[in-house]
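Work through the exercises below with the sequence and the model in view. Try each task before reading its solution.

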Amino acid sequence: MRLMKSTCIAAAAGVLLAATNGALAQKKYDTGATDTEIKIGNIIPYSGPASAYGSVGKAMAGYFKKINDEGGINGRKIDFISYDDAYSPPKAVEQTRKLVESDEVLAVFGALGTPSNTAIQKYLNAKKVPQLFLATGATKWNDPKGFPWTMGWLPSYQSEGRIYAKYLLKEKPDAKIAVFYQNDDFGKDYLKGLQDGLGAKKTMIVAEESYELSEPSVDSHIVKLKATGADVLVIFTTPKFGAQTIKKVGELSWKPVQIIANVSASTANVMKPAGVDFAQGVISATYAKDSTDPQWNDDPGMKEYKAFLAKYVPEVNIADSSALTGYNIAQTMAAVLKQCGDDLTRANVMKQAASINGLQQGGLLPGILIKTSATDFSPIEQLQLMRFKGERWELFGGVIDGEAGGER
């Protein structure tokens with residue numbers, strides 16, 4: 001009996017050893033991944049004209065610290081390396097090369113801004129390094145054939161522009177629209193979406209005025225736009241210039257319907273600096289919950305986010321929607337890395353990123369799911385309209401698909 005028992009134990013140990021060896025043999029790593037660590041890189045404008053977005057990177061760093069405190073992903077700690085590119089394409093190239101060639105990251109993730117990501121896209125694709133979940137909604141990130149190593153995260157700017165067009169066609173079909181936009185791919189993408197959405201009625205646009213990032217103030221542009229007699233002002237800007245625009249419109253006692261891009265809808269960084277009195281009635285669109293909105297006070301996802309912010313990024317204002325963006329994007333990246341299991345090759349990271357089938361995240365609005373496929377690199381395609389009232393945003397209407405144009 002004792003011999004039989006020993007034999008059984010030995011056999012069981014042999015099976016276990018074989019299984020363990022098999023599991024070890026199945027582990028696959030590329031540069032940036034080991035048994036104990038996953039190294040991912042990031043660039044964010046912590047300084048410069050778009051420095052209001054710095055909280056995106058701070059929230060990402062905080063989220064990965066939280067993940068590490070909880071034991072990491074599949075037992076591996078995340079080494080998150082984030083550099084300042086000052087919203088400058090040449091600086092973005094320099095910092096990205098450093099991440100890939102010196103820091104040897106597995107992937108570059110959550111890089112912010114259309115100009116910066118455009119500058120590094122060809123380099124990362126040539127190196128076959130994942131350029132994942134970009135904090136920019138440029139339509140061109142959804143090009144799996146041309147750039148198989150690049151995937152966006154935000155809803156596309158053109159989709160958002162089409163949603164605003166749909167709203168105006170329905171609510172103000174006789175509007176005289178003035179568009180104020182940033183003179184680069186970011187601003188032009190939004191403008192194209194609005195024009196396409198208006199279709200045959202794009203003659204409703206009576207003025208298109210652009211500004212340069214290097215300009216200290218946009219006041220003269222707003223004075224010029226007021227003179228056109230427009231009764232709708234569409235603002236496709238980054239936060240600093242969005243705040244300046246709303247403030248100047250108020251100072252001029254101009255009363256157009258104002259629509260501002262989601263990327264500049266931050267209560268903390270745009271509405272309050274502009275003056276909440278001037279911001280009343282401003283319209284935007286969103287896919288994420290507003291952390292200052294009382295309707296989410298008892299929401300489990302928002303409770304978790306607020307607890308996270310208080311513990312890991314206490315210096316960030318709860319009203320700063322950019323921080324929630326960083327948190328949401330980091331959650332998606334963590335889900336993909338978890339799904340990779342022990343196959344932490346760059347090819348598998350991209351494969352898993354392109355296989356997200358309806359991921360729900362606590363920071364996103366109900367009904368908005370993250371979905372990707374091998375032929376669709378646009379994770380979020382739905383938004384809901386909102387209006388600024390008092391000191392917060394109020395949602396109205398249903399969730400709208402910016403691609404198909406239908407409510408869901």
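**Exercise 1.** Classify Lys172 as buried, partly exposed or exposed, then find its salt-bridge partner.

*Solution.* Start with accessibility. Buried means under 20% relative accessible area, exposed over 50%, and partly exposed in between (1.4 Å probe, protein chains only). Lys172 has 26% relative accessibility, so it counts as partly exposed. Next, look for the partner. A salt bridge needs a side-chain nitrogen of Lys or Arg within 4 Å of a carboxyl oxygen of Asp or Glu. Lys172 forms one with Asp231, and the closest N and O atoms are 4.0 Å apart. Asp231 has a relative accessible area of 29%, so it is partly exposed.

The model is predicted: local features need pLDDT of at least 70, side-chain atom pairs count only at pLDDT 80 or more, and totals for chains, interfaces and linings use all residues. Residues are numbered from 1 along each chain as its sequence is written, and side-chain values use heavy atoms, with hydrogens and water left out.

**Exercise 2.** Work out where the salt bridge of Asp342 and Arg76 sits in the chain.

*Solution.* Take the distance first: 2.8 Å, N to O. Asp342 is in the loop between helix H12 (321–340) and strand S12 (343–344). Arg76 is in the loop between helix H2 (54–69) and strand S3 (77–84). The two are 266 residues apart. Asp342 counts as partly exposed at 31% relative accessibility; Arg76 counts as buried at 2%.

**Exercise 3.** How many salt bridges does the rule give?

*Solution.* Apply the same cut-off throughout. The count comes to 13 salt bridges.

Terms used
Helix = DSSP H or I, 4+ residues; strand = E, 2+ residues; numbered from the N terminus.
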